[in-house]
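Please read them with the structure open.

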Amino acid sequence: MVYLDHAATTPLRPEAREAMLPYLGENFGNPSGHYNAGRVAQEAVDEARETVASCLNARTSEILFTSGGTEAINTAMLGIAYAMRRAGAGSHIVTTAIEHHAGLHAAQFLEEIGFEVTTLSCDGFGRVSATEFERALRPDTVLASVMLANNEVGTVEPVAELAAILKEYAVRQRHRVMLHSDAVQAPGWLPVDVQKLGIDALSLSSHKFGGPKGSGVLFLRRATPFHALLLGGGQEMQKRAGTENVAGIVGTAKALKLTSENISARASRVGGLRERLRQGILEAVPDAETNGCQENCLPNNLNISFEGIEGDDLVARLDARGVAASTGSACSNAMWEPSHVLLAMGVPIRRAAGSIRFSLGEGTTAGDIETVLELLPGEVERARLSAITTG
Ligand code: PLP
């Protein structure tokens, strides 16, 4: 199999698996247990928290472990918004139209419970405008949530610039707006330094960087107003109740540490492969068009549209030839839905329908790319013929 769907998930790093194994076996203690097995588990969690904090340039007390990116995003958005409203700071939120569904649906829920939400659009490359962001701020704005890198088209958003705008706004207006970022797609491709980004909260998902599924991280800056969503126990500094997923946490830390090393070398090698794939496709396939940015983008993401086909059909054809890619768009109840990201970018619906996403990974080789370049033109041609004959 040629696996080019790393934005969906990545293989577990062997080192992360090795690190996890003792906690799936002999070290089964509950970290809350007041005996040796409990202490062993607690020490593993503490050590993992230190590792993650150091990778993100945060304090250990600012790192919460969650069940994944979705939980981290929901926890940050709902937990901060609720705490800010309760403190009388206001009930207006700013977010973007290109967030992952975890962020979009969390914002919709906040709207249902009485918050007002301003949803910013983006330009044709998927980039959110800092000027429009500033314009959307109001005296009752309590939270802004803008992703660091988009999962469908790979565009990197100007999050540090937005944080600087909020700092300046806080001084000028004497009103602080908290900034959360979904950074799920960033590790391994961009440095994720919470001080340089200047944000209050940031969400990560382990399985996107070679860690286990069902594990994630929420960075929550000290003194950020926050109300826990998961209640019941004192775990995670009273901010996320529930017995810790010790093995998942250990695997997360190991994977994040390895992912945070050699970012520029990885990004430049994989970026070169992505470029070869892009050029090769544009040369070999007529009426193909790339979607998303050419600069300021994740080096592993290539979203491309083929006129006259349906993305799902091409993905199925590639699958039959041993290539895993995806449309990057939602498919619910067997009904195709156009990608909300491509639509926000102004991509016409016909072109959005014919888009597919290749997302490369650390293990992707030049041979993988050549295999795809050999197969793809024929499969696009067959998909086009089939679209014509089936009407
Ligand atoms: N945010 C982004 C940008 C993602 O790509 C994903 C996963 O597809 C998520 C959030 C959700 O993460 P998880 O699968 O850990 O819930």
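**Notes on the helix pair and the ligand site**

1. Helices H2 and H9 cross with a left-handed sense. The model is a predicted one, and the points below should be read with that in mind.

2. H2 covers residues 36-56 and H9 covers residues 246-259; their axes come within 9 Å and cross at roughly 30 degrees. Angles under 35 degrees count as roughly parallel, so H2 and H9 are roughly parallel to each other.

3. Turning to the ligand, 13 residues lie around it, and those that come nearest are Thr70, Asp182, Gln185, Ser205 and Lys208. Sorted by class, this shell holds eight polar, three nonpolar and two charged residues.

4. Which helix gives the largest share of the shell around the ligand? Helix H3, residues 69-86, does, with three residues.

5. For threonine 70, a polar side-chain atom is 2.6 Å from an oxygen atom of the ligand. For glutamine 185, the distance from a side-chain N or O atom to an oxygen atom of the ligand is 2.7 Å. For histidine 207, a side-chain N or O atom and an oxygen atom of the ligand are 2.9 Å apart.

6. How much of the ligand's accessible area does the protein cover? On its own the ligand has 390 Å² of accessible area, and the protein covers 85% of this.

Note on methods: Residues are numbered from 1 along each chain as its sequence is written. This is a predicted model: local features need pLDDT of at least 70, side-chain atom pairs count only at pLDDT 80 or more; totals for chains, interfaces and linings use all residues. Side-chain values use heavy atoms; hydrogens and water are left out. A residue is near a molecule or strand if one of its heavy atoms lies within 4 Å of it. A polar contact is a pair of N or O atoms within 3.5 Å; within protein, one must be able to donate a hydrogen and the other to accept it, and residues adjacent in sequence count only if both atoms are side-chain atoms. Accessible areas come from the Shrake-Rupley method with a 1.4 Å probe; for residues, only the protein chains shown count as cover. Helices (H or I, at least four residues) and strands (E, at least two) are DSSP runs, numbered from the N terminus. Ala, Val, Leu, Ile, Met, Phe, Trp, Tyr, Cys and Pro count as nonpolar, Asp, Glu, Lys and Arg as charged, and the others, Gly among them, as polar. Axes are lines fitted to C-alpha atoms, for helices over the stretch in contact, and angles run from 0 to 180 degrees between N-to-C directions. Angles under 35 degrees count as roughly parallel, over 145 as roughly antiparallel, 65 to 115 as roughly perpendicular and the rest as oblique. A crossing is left-handed if the near helix is turned anticlockwise from the far one by less than a right angle, and right-handed if clockwise.
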